[in-house]
Amino acid sequence: MSRSYGTTKESVLAGRRIKRSRTGERIIPRVISRRPRAGDIHPMGRSHVLRLLRQIPEKYTYGLARVELRARAGEIGKPFGLYLPRDKAILLYSLPTTWHLPSLSKGMLAGLRQYFPQIEQKKDEVVVRWPSEPIFMLWFFYEVVAHELGHHYRNQYRSKRKKSLRAMDHELVADLHARRLKELSLAAVKKRMYEQHESEPEK
């Protein structure tokens, strides 16, 4: 008996159905970069996003129509990124390299501290300073972009699941896939470092 849609692995489905060029390379989603808000930057520029989409597993990009870098319209982090299920699009918002926030939740504070920004608690605000753009980009990929890719993954394969999820569960599933993407990325970095070390001549 042939496998049904519901029992076929997501990686297999993506491999079969994703659009490819004549040479067999997958066609990645469009990446649109718009001017950031005055005083902001895009933590991940268009070239970095394109490179990311080529490197992550196909099952996370299958069905994704576009990634759009937009100017932040409101307060910092409201939101950092957004997934549009109907459009199958990810929106990523610009940010300043120094944040002035009224407060930070315990969860957000713990997440930020993994990347070692300077965090200063003042009387009426919290100031977060990113020491370098590469570290800022790393945080943005692992905590924002990967999370929105998790939302797309859940939405793309939702018909394979019998039970619908509550809004809170959607966030938990997106976080789960963000962690998986982080683990895959770190494993790839370690592999490259090991291969580079092995290829170096002995002194």
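This is a predicted model: local features need pLDDT of at least 70, side-chain atom pairs count only at pLDDT 80 or more; totals for chains, interfaces and linings use all residues.
1. **Aromatic pairs.** The structure holds 13 aromatic pairs. One of them joins Trp99 and Trp130. Their rings are edge-to-face, 5.8 Å centre to centre, with 65 degrees between the planes. This pair links distant parts of the chain, 31 residues apart. Trp99 is in strand E5 (residues 98-101). Trp130 is in the loop between strand E7 (126-129) and helix H5 (133-156). Both Trp99 and Trp130 are buried.

2. **A pair of sequence neighbours.** Trp139 and Phe140 also form an aromatic pair. This one is tilted: the centres are 6.1 Å apart and the planes make an angle of 55 degrees. Trp139 has a relative accessible area of 2%, so it is buried. Phe140 counts as buried because its relative accessibility is 1%.

3. **The cluster.** Both pairs belong to one aromatic cluster, made of Phe80, Trp99, Trp130, Phe136, Trp139 and Phe140.

4. **The core.** The largest nonpolar core has 42 residues. Which members touch the most others? They are Trp99 and Trp139. Several elements each supply at least two residues, among them helix H1 (10-17), helix H2 (46-55), strand E2 (66-70), strand E4 (89-93) and helix H6 (167-199). H5 gives the most, with 10 residues. In general, nonpolar side chains tend to be buried together in soluble globular proteins.

5. **Around Trp99.** Look past its neighbours within four places in sequence. Trp99 then contacts Ile76, Phe80, Met108, Leu112, Val126, Val127, Val128, Trp130, Phe136 and Trp139. Of these, Phe80, Trp130, Phe136 and Trp139 are also in the aromatic cluster.

6. **A charge over a ring.** The charged end of Lys182 sits over the ring of Tyr142. It is 5.5 Å from the ring centre.

7. **Backbone spots to check.** Most residues other than glycine have a negative phi, and most peptide bonds are trans.
   - The peptide bond between Lys78 and Pro79 is cis, with omega about -5 degrees. Pro79 lies in the loop between E2 and strand E3 (81-84).
   - Lys88 is not a glycine, yet its phi is positive, about 50 degrees. Lys88 is in the loop between E3 and E4. Its relative accessibility is 25%, so it counts as partly exposed.
   - Phe116 has a positive phi near 60 degrees. The loop between helix H4 (106-113) and strand E6 (118-121) holds Phe116. Buried or exposed? Phe116 counts as exposed, because its relative accessibility is 67%.

Terms used:
Residues are numbered from 1 along each chain as its sequence is written. Side-chain values use heavy atoms; hydrogens and water are left out. Rings of Phe, Tyr and Trp (its six-membered ring) pair if their centres lie within 6.5 Å; planes under 30 degrees apart count as stacked, over 60 as edge-to-face and the rest as tilted. Helices (H or I, at least four residues) and strands (E, at least two) are DSSP runs, numbered from the N terminus. Buried means under 20% relative accessible area, exposed over 50%, partly exposed in between (1.4 Å probe, protein chains only). A charge sits over a ring if NZ of Lys or CZ of Arg is within 6 Å of the ring centre and within 35 degrees of the ring normal. A nonpolar core is a set of buried Ala, Val, Leu, Ile, Met, Phe, Trp, Tyr and Cys residues joined through side-chain atoms within 4.5 Å. Contact means heavy atoms within 4.5 Å.
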